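Reader: I am new to this structure and would like to learn how its features get their labels. Could you take me through it, one question at a time?
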Amino acid sequence: MVLVQMPMCNEKEVYETSILHVCQIDWPRDRMLIQVLDDSDDVTCQMLIKAEVTKWSQKGVNIIYRHRLSRTGYKAGNLKSAMGCEYVKDYEFVALFDADFQPNPDFLKLTVPHFKGNPELALVQARWIFVNKDENLLTRLQNINLCFHFEVEQQVNGVYLNFFGFNGTAGVWRIEALEDSGGWMDRTTVEDMDIAVRAHLQGWKFIYLNDVKVLCELPESYTAYRKQQHRWHSGPMQLFRVCLPAIFKSKIPFWKKANLVMLFFLLRKLILPFYSFTLFCVILPLTMFVPEAQLPVWVICYVPMLMSVLNILPAPKSAPFIIPYLLFENTMSVTKFNAMVSGLFQLGSSYEWVVTKKAGRTSSESDMLALAEEADTLARPAGAKLVRGVSEGGLEAWAKMHEHDKKDLQLQADAQDEEDATSPPAKKNSKPKAPNRIFKKELALASLLLIAATRSLLSAQGLHFYFLLFQGVTFLVVGLDLIGEQVS
């Protein structure tokens, strides 16, 4: 008996695709219940998602729509509330998919059998792959990082430790393990890592399946990526503070405690961002103004290049981007360091939760329609034709939304006509574009690095000059929001 949970919040761009793919999962219908857990505060979005759920329910899929009146606890609160339903006691496992995930029909058949005859197994985690990894430079660089995370970190920890950080989605949990570990908690912004650590301390085991892949979407704008990375780096530091006493009090072996503290938390989430930020953004540029201070070439060149090569090995097709990757990671160290400090010292921004903006990419529009037609063939009499997204509630919701949009466009047009009547004609863009944001910290560091590069040139330090110049230009590009798409 498998419960499938789909937490989402104001995600008009992706809800239809995600629900479509989850409803195609090949599992006995009397043994699977899909919960669409909608935390949207946008009424139109609520109506659209509810209409989509109704459409699939009428086709015979065991799916229900659930909406909370209060978004207390964000995603963790949403999942905790859903697990409190009376009927959940009838289910053995729960599969989780965020709103932009597109699982294959055989997902449960490839994951759930691992639990058979393995009563200590709590979690089976699948790998993410990205539908938009080649969309722009930003998504290409993210793909390098995440390929290393899944190919190396998750796989190695899964094989040698039977433990890794739950990725929050595309995984199947044994419900007994969730309850034994204390259930979902909203004490940090990384509820997935929190439950994984608590389950590990209780002695439960995890399995990572690198060959089971689930499509999802990468942030395409720097603003969205920056907010995501802030949460991903402040949350672990929050969790580290909270669970450190529990780690030392737990009954797991000492070497597993040491791994949790030194490698899982400190090395990846604290030491590396601190190292990158202080060395490349502070110490190196300042040495240009202090003649007595010198950094050897291997510190600023060989070690970073070696680390970049090792990071890029799991994604060999990304090798041409190794230099941009190194420079961009140094640039992102500012955001990561800031997030780390806010999480470690419980500053206000450490509790910030912003849903990552989606563009609504799919692997193939024709593939999605083929899946929908296949489902419709099973649900309708022969000769009936599928009209995508058809449901009375859905059409009414779309009509209301489009009517509202038309009114807004008409008002804008009237205002533009009045402005045109009193001003000289101007060239109009055919497509409105979201404005670029200005990131002051990145621009300040760009100024420091470019000044240091000038100083390095005057003192004839060749290698230092080139590194400072390219790193300064990278900070400038990012500070002016010229990397990634402008997603409004």
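Reader: Where is the kink in helix 11 centred?

Author: The kink in helix 11 is centred on Ser 333 and comes to about 30 degrees. The bend at a residue is the angle between axes fitted to the seven residues ending there and the seven starting there. Before we go on, a word on the background: this is a predicted model, where local features need pLDDT of at least 70 and side-chain atom pairs count only at pLDDT 80 or more, while totals for chains, interfaces and linings use all residues. Residues are numbered from 1 along each chain as its sequence is written, and side-chain values use heavy atoms, with hydrogens and water left out.

Reader: What makes a stretch a helix or a strand?

Author: Both are DSSP runs, numbered from the N terminus: a helix is H or I with at least four residues, a strand is E with at least two. The protein chain has 15 helices and seven strands.

Reader: What span is expected for helix 11, and what does it reach?

Author: The expected span of a helix is 1.5 Å times one less than its number of residues. Helix 11 covers residues 322-344, 23 residues, with 33 Å expected; from first C-alpha to last it reaches 31 Å, which is close. Just after helix 11, Gln 346 takes a positive phi of about 55 degrees.

Reader: Why is Asn 167 called buried?

Author: Buried means under 20% relative accessible area, exposed over 50%, and partly exposed in between (1.4 Å probe, protein chains only). Asn 167 has 12% relative accessibility, so the label is buried. By that rule, 18 of the 23 residues of helix 11 are buried, and buried residues make up 51% of the 488 residues in the protein chain.

Reader: Which side chain makes a polar contact with Asn 167?

Author: That is His 149, at 3.1 Å. A polar contact is a pair of N or O atoms within 3.5 Å; within protein, one must be able to donate a hydrogen and the other to accept it, and residues adjacent in sequence count only if both atoms are side-chain atoms. Asn 167 lies in the loop between helix 5 (137-161) and strand 6 (171-174). Leaving out residues up to four places away in sequence, Asn 167 touches several others, including Trp 128, Phe 150 and Asp 192; contact means heavy atoms within 4.5 Å.

Reader: What is the relative accessibility of Asp 194, and which side chains does Asp 194 meet?

Author: Asp 194 has 0% relative accessibility, so this residue counts as buried. Asp 194 is found in helix 7 (residues 191-201). Its side chain makes polar contacts with the side chain of Arg 187 at 2.9 Å and with that of Arg 198 at 2.8 Å.

Reader: How many aromatic pairs are there?

Author: A search of the whole structure finds 20 aromatic pairs. Rings of Phe, Tyr and Trp (its six-membered ring) pair if their centres lie within 6.5 Å; planes under 30 degrees apart count as stacked, over 60 as edge-to-face and the rest as tilted. Phe 164 and Phe 206 are 5.6 Å apart, centre to centre, with 65 degrees between the planes, and are edge-to-face. Phe 164 lies in the loop between helix 5 and strand 6 and Phe 206 in strand 7 (residues 205-216), so the pair ties together parts that are 42 residues apart in sequence. Phe 164 has 0% relative accessibility and counts as buried, and Phe 206 is buried with 0% as well.

Reader: What kind of aromatic pair do Phe 280 and Phe 467 form?

Author: Their pair is tilted, with 40 degrees between the planes and 5.4 Å centre to centre. This pair links distant parts of the chain, 187 residues apart: Phe 280 is in helix 9 (residues 254-287) and Phe 467 in helix 15 (residues 462-479). Phe 280 and Phe 467 are both buried.

Reader: Where does the charged end of Lys 59 sit?

Author: The charged end of Lys 59 sits over the ring of Trp 56, 4.3 Å from its centre. The rule asks for NZ of Lys or CZ of Arg within 6 Å of the ring centre and within 35 degrees of the ring normal.

Reader: Why is Glu 352 called partly exposed?

Author: Glu 352 has a relative accessible area of 41%, so the label is partly exposed. Glu 352 is found in the loop between helix 11 and helix 12 (365-379).
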